[in-house]
Amino acid sequence: MAVAVIVGSQWGDEGKGKLTHYMSPHYEVTLRFQGGSNAGHTVITGGRTFKFNLLPSAILHAGRTCIMGDGMVVNPAHLIEEIALLQKGGFWQDNLRVGSRAHLVLPYHILLDELEEKRRGGSSIGTTKQGIGPCYADKYARIGVLAGDLLKPDVLHKRLEVVVPVKNALLRGLYQYEPLIDLEALYEELLEQGKVIGPYIADTAAIVREHIDAGHSILCEGAQGALLDIDYGTYPFVTSSHPVTAGACLGTGIAPGDISRVIGVSKAYTTRVGNGSFPTELTDATGEHLRERGLEYGTTTGRPRRCGWIDLVLLRHALRINGASELAITKIDVLDDLPTVKACVAYRRKGEIVTRTGLADAELAQCEPVYEEFSGWKGPIREVRSESELPAELTSFVDFMEKQLGVPITVLSLGPDHDETVSRQPKL
Ligand code: IMP
């Protein structure tokens with residue numbers, strides 16, 4: 001039995017979807033453990049591109065159980081759309097289970113996310129406006145609606161009786177917004193959605209436990225990244241869940257001791273969507289080059305991503321918090337044309353050189369990157385299929401990062417397609 005966790009080690013969008021799809025044939029179960037429609041995982045296989053916001057990236061593999069764990073927040077309308085799209089294309093494998101304790105993202109969460117971002121003006125977070133923060137807030141305020149409630153109409157109605165007046169008071173009082181939420185109409189809508197999703201809802205923690213007891217292998221697919229963790233990220237410019245390895249336990253019912261492998265994922269450079277400090281951000285032509293070549297536009301929102309060099313100070317923090325046993329570096333081909341590439345190895349802060357920092361936004365804002373510069377490989381690498389064929393300049397860059405990070409780099413992703421992936425023999 002092996003439980004592996006794939007976790008983002010930057011501010012999200014590291015290419016976890018591709019890696020999950022690449023690894024998942026070797027695992028009986030693949031599951032997501034946090035987040036919701038704010039995530040956008042792209043899988044390119046057989047010349048076709050699939051973008052998933054909610055479904056685990058292994059959903060295309062027949063005979064593999066895919067679980068949306070209890071730690072997720074699920075927009076039922078989006079889930080129905082994603083399932084319908086796969087059904088229409090003939091790709092649906094009927095291999096989904098949705099945690100009965102996962103919370104539902106309802107229309108008022110999305111509305112409140114939008115209204116609150118607008119109210120905050122210049123202090124906005126830059127959320128994906130998918131209702132993620134308001135939904136997790138309700139979970140912890142114990143006024144949320146659970147996926148399992150869709151199977152129990154009486155319970156569902158009672159939950160709405162508690163929460164809808166609270167939301168309407170907020171909409172009316174703080175935001176002066178109309179129309180207010182119509183409890184009965186929402187109830188009817190949810191009953192209809194329950195008819196579609198109901199068959200997939202289950203006690204997924206128990207299912208996971210059965211698989212573990214049977215000695216099966218399990219792959220947990222993180223969404224977002226460690227730097228967006230609500231506690232260990234760059235607060236307040238974070239998401240409202242735990243994208244770190246510990247979140248995989250909380251969001252699935254897997255015990256910490258069951259995890260045997262943690263694969264951190266980082267791009268060969270850095271991107272960030274939304275607001276907040278970003279020490280290695282490039283606002284020049286190189287930043288623009290990374291954005292255009294890397295197609296750095298949000299999968300969910302279409303927003304241009306901010307781009308910059310890889311930041312080994314932040315990556316070291318993320319790998320440590322994630323307890324990463326290895327690291328996959330993705331989108332290396334995006335750097336192909338550059339004459340030189342850089343990695344931030346330390347910061348200059350108030351005249352001092354530091355190799356670690358607190359992540360509070362104000363603290364990061366004072367950090368100026370100190371770079372190590374490398375010759376670029378100035379040629380296409382997407383055709384490379386083995387480590388020995390890699391250009392020497394790229395090998396030096398990767399070897400340097402591995403030494404700096406102290407974590408074995410085992411996978412190099414050289415392009416978006418499944419096949420454009422090379423296993424690497426670590427040198428640590
Ligand atoms: P929220 O998760 O929509 O509340 O957004 C909070 C912050 O997390 C914003 O800065 C978003 O841009 C960022 N964020 C959320 N999900 C993702 C993701 O999947 N990739 C990258 N950034 C994300």
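Before we start, some ground rules: residues are numbered from 1 along each chain as its sequence is written, and side-chain values use heavy atoms, with hydrogens and water left out. Because this is a predicted model, local features need pLDDT of at least 70 and side-chain atom pairs count only at pLDDT 80 or more, while totals for chains, interfaces and linings use all residues.

Let's begin with helices. The names come from DSSP runs numbered from the N terminus: helices are H or I runs of at least four residues, and strands are E runs of at least two. Two packed helices are described by the angle between their axes and the distance between the axes. The axes are lines fitted to C-alpha atoms, for helices over the stretch in contact, and the angles run from 0 to 180 degrees between N-to-C directions.

Take helix α3 (residues 107-120) and helix α5 (residues 153-173): their axes are 11 Å apart and the packing angle is about 25°. That is why α3 counts as roughly parallel to α5. The labels work like this: under 35 degrees is roughly parallel, over 145 roughly antiparallel, 65 to 115 roughly perpendicular, and the rest oblique. The crossing of α3 and α5 is left-handed; a crossing gets that name if the near helix is turned anticlockwise from the far one by less than a right angle, and is right-handed if clockwise. Who touches whom? Tyr108, Leu111, Leu112 and Leu115 of α3 make the contact with Val163, Lys167, Leu170 and Leu171 of α5, where contact means heavy atoms within 4.5 Å. Sorted by class, these residues are seven nonpolar, no polar and one charged. Here Ala, Val, Leu, Ile, Met, Phe, Trp, Tyr, Cys and Pro count as nonpolar, Asp, Glu, Lys and Arg as charged, and the others, Gly among them, as polar.

Helix α5 has another partner. The axes of α5 and α6 cross at roughly 145° and come within 10 Å, and this crossing is right-handed. On the α5 side, the residues include Leu156, Leu160 and Val164, and they meet α6 residues including Leu186, Tyr187 and Leu190. That contact divides into nine nonpolar, one polar and two charged residues.

Now look at the loop between α5 and α6 (183-197), where Pro179 lies. The peptide bond from Glu178 to Pro179 is cis, with omega near 0°. Another cis bond joins Tyr235 and Pro236, with omega about 5°; Pro236 sits in the loop between β10 (218-221) and α8 (245-250). You'll find Lys331 in the loop between β14 (326-330) and β15 (340-349).

Further along, α10 packs with helix α12 (residues 392-405) at about 55°, with axes 10 Å apart, so the two helices are oblique to each other. The contact joins Leu312, Leu315, Arg316 and Leu319 of α10 to Phe400, Met401, Gln404 and Leu405 of α12.

Which helix gives the most to the lining of the second largest pocket? Helix α10 (residues 312-322) does, with seven residues. There are 13 lining residues, and Val313, Arg316, His317, Arg320 and Arg356 lie nearest the pocket's centre.

Notes
On a 1 Å grid over the protein atoms alone, a cavity is a set of points where a 1.4 Å probe fits but cannot get out, and a pocket is an open set with protein on both sides within 12 Å along at least five of seven lines; lining residues have an atom within 4 Å of a point.
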